[in-house]
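Q: I am new to this structure and would like to learn how to read its features. Please take me through them one at a time.

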Amino acid sequence: MTMGPSVVKEFRALFPLWIATLATIGLDALTGNDTIQQIAVLGYAFGSLALGAYVIGHEHTHRTMAVLLAQPVDRRRLLLIKLGVLTPMLALLSEAFWRITLSEFGEPRPGLALALLPALGGLCVAPWLTMLTRNQLGGMMLTGLVGGWSLITITVLTAKLSDLDFDQAEQLGLAIWVRVMYGFAAVSAVLAWPTFMRLEAIEGAGPAIHLPRWFRRTPGAGGSHPVWLLIAKELRLQQLTFVMAVLFIVGETIRSVLETRGLVPPGGAVGDVLIPVYFGAVALVAGSLASAEERQFGMIESQQLLPMSGRQQWAIKAGVAVVLALLLGLGLPAALIYARGSGDVLAALSNAGPSALVIVALTVCGLYVSSLSSSGVRALALTFPLVAAAYILWVSIAVAVSRFLQSFHAIDELALTVAGVGFTALLLWFAGANHRRTDRSVTRVVWQIGCAAAAIAIGLPLVSAILVLTV
């Protein structure tokens, strides 16, 4: 067996995720915007872990694991080919991230060891956890959760056991955490080999995380209405979103207890980083799972045969994703604020309108990419460059329009809202059309993205002009 076809196969599988992550980092070089920089950081972290999970997980997605393992080839060679293709991709991402994104960071600049951690997690940890769970999305998210929870734990222990102030304790805890993660990555790399040697081609993904029994009624039991059955099906596809919400509740509860006892300061570096990540991630994950996971399970074609119009099915799917993102992204934090008594809920919800629009827009972006993807991991990784590009275009047009409307700030906000709703509705319509089709024409995708960009470039100035003339 020659290595050429195997290398080409792995490269073709990983290339879309890799180029999307590289594009997200590259967009940061076009602007000094802090939001784009944050998107680039998250894109690099999620993209690296997604590549590591997908190098194993795409075999499950395309049902080729049995064919791969049945080849008369040493399994060590198969794994080396996969890692041999993955390694230079992660190395190039790390180089681009170090030279483009981190070069713009203020002091203190993150060290090289910290910058390499996502790539190391994608190379050593994510493939191993994907093999254990037989689920690429689970492998990617579990890798991130191990890193996030270990950072919180080590930071809290360092603050409690040392005599340093909070800032110094956080810096010391971060340094200890980096060393622990390198050790964990080394152990994972060692364990990945025997795990792959014993890997079996079991059809389907690994054990799912089961929702409570009231989410798992037997289809047709009790004369349930078809709409409710479809909603229950959509909620089952969103299991990972519920897991993220549960972990957020646990994390915020622990942080509240620690703040009350004075073990950590209010907020702190950990809270400032992890909480905003949750807000954006829950919307992106909810959108990315909705269509792609159904396609991965081979359910798209059978769903079209149901005695219900495709548009109604899509309305239910999109509605569940958007409502779930709003409830978990806005309602859940407000409920925790009320339960903790740590702030005024009305004050916290004063910006609920703009925040809701952002969450809906992120969810719809995830839905659009999901409608073109064959797995949730792929959709999540490909959503980052779309969000970054849309934000850059949006800000550029908004700044240009605001120069002509300096005395109409209220109208500017209304124009942004109206244009944003129009852009989101257009993208949602395109996503619905893609979901109902099995072919993924490049021409159609380019035309849709062009129309979405035109909606921003033309729609925002046009709405602003109309509002100025009518007020």
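A: Start with burial: a residue is buried under 20% relative accessible area, exposed over 50% and partly exposed in between, with a 1.4 Å probe and protein chains only. Tyrosine 44 has a relative accessible area of 1%, so tyrosine 44 is buried. This is a predicted model, in which local features need pLDDT of at least 70, side-chain atom pairs count only at pLDDT 80 or more, and totals for chains, interfaces and linings use all residues. Residues are numbered from 1 along each chain as its sequence is written, and side-chain values use heavy atoms, with hydrogens and water left out.

Q: How many aromatic pairs does a search of the whole structure find?

A: Rings of Phe, Tyr and Trp (its six-membered ring) pair if their centres lie within 6.5 Å; planes under 30 degrees apart count as stacked, over 60 as edge-to-face and the rest as tilted. Searching the whole structure gives six aromatic pairs. One of them joins tyrosine 44 and phenylalanine 97, which are stacked at 4.1 Å centre to centre with 10 degrees between the planes.

Q: Which parts of the chain does that pair link?

A: Helices are DSSP runs of H or I with at least four residues, numbered from the N terminus. The pair links distant parts of the chain, with tyrosine 44 in helix α2 (residues 34-61) and phenylalanine 97 in helix α4 (residues 75-101), 53 residues apart. Phenylalanine 97 is also buried, because its relative accessible area is 5%.

Q: Why is the pair of tryptophan 429 and phenylalanine 430 stacked?

A: The ring centres of tryptophan 429 and phenylalanine 430 are 5.5 Å apart and the planes are at 25 degrees, so this pair counts as stacked. Tryptophan 429 is exposed because its relative accessibility is 58%, whereas phenylalanine 430 is buried at 3%.

Q: Which residues do ring pairs link into a cluster?

A: Phe11, Phe15 and Trp18 are linked in this way.

Q: How many disulfides are counted?

A: A disulfide is a pair of cysteine sulfur atoms within 2.5 Å. By this rule there are zero disulfides. As for accessibility, cysteine 365 is buried at 5%, while cysteine 451 is partly exposed at 24%.

Q: What is threonine 195 in contact with, leaving aside its neighbours within four places in sequence?

A: Contact means heavy atoms within 4.5 Å. With those neighbours left aside, threonine 195 is in contact with Trp128, Met131 and Leu132. The C-alpha atoms of threonine 195 and methionine 131 are separated by 7.1 Å, although these residues are 64 residues apart along the chain. Threonine 195 lies in helix α8 (residues 166-197) and is buried, because its relative accessibility is 12%.

How values were computed:
Helix = DSSP H or I, 4+ residues; strand = E, 2+ residues; numbered from the N terminus.
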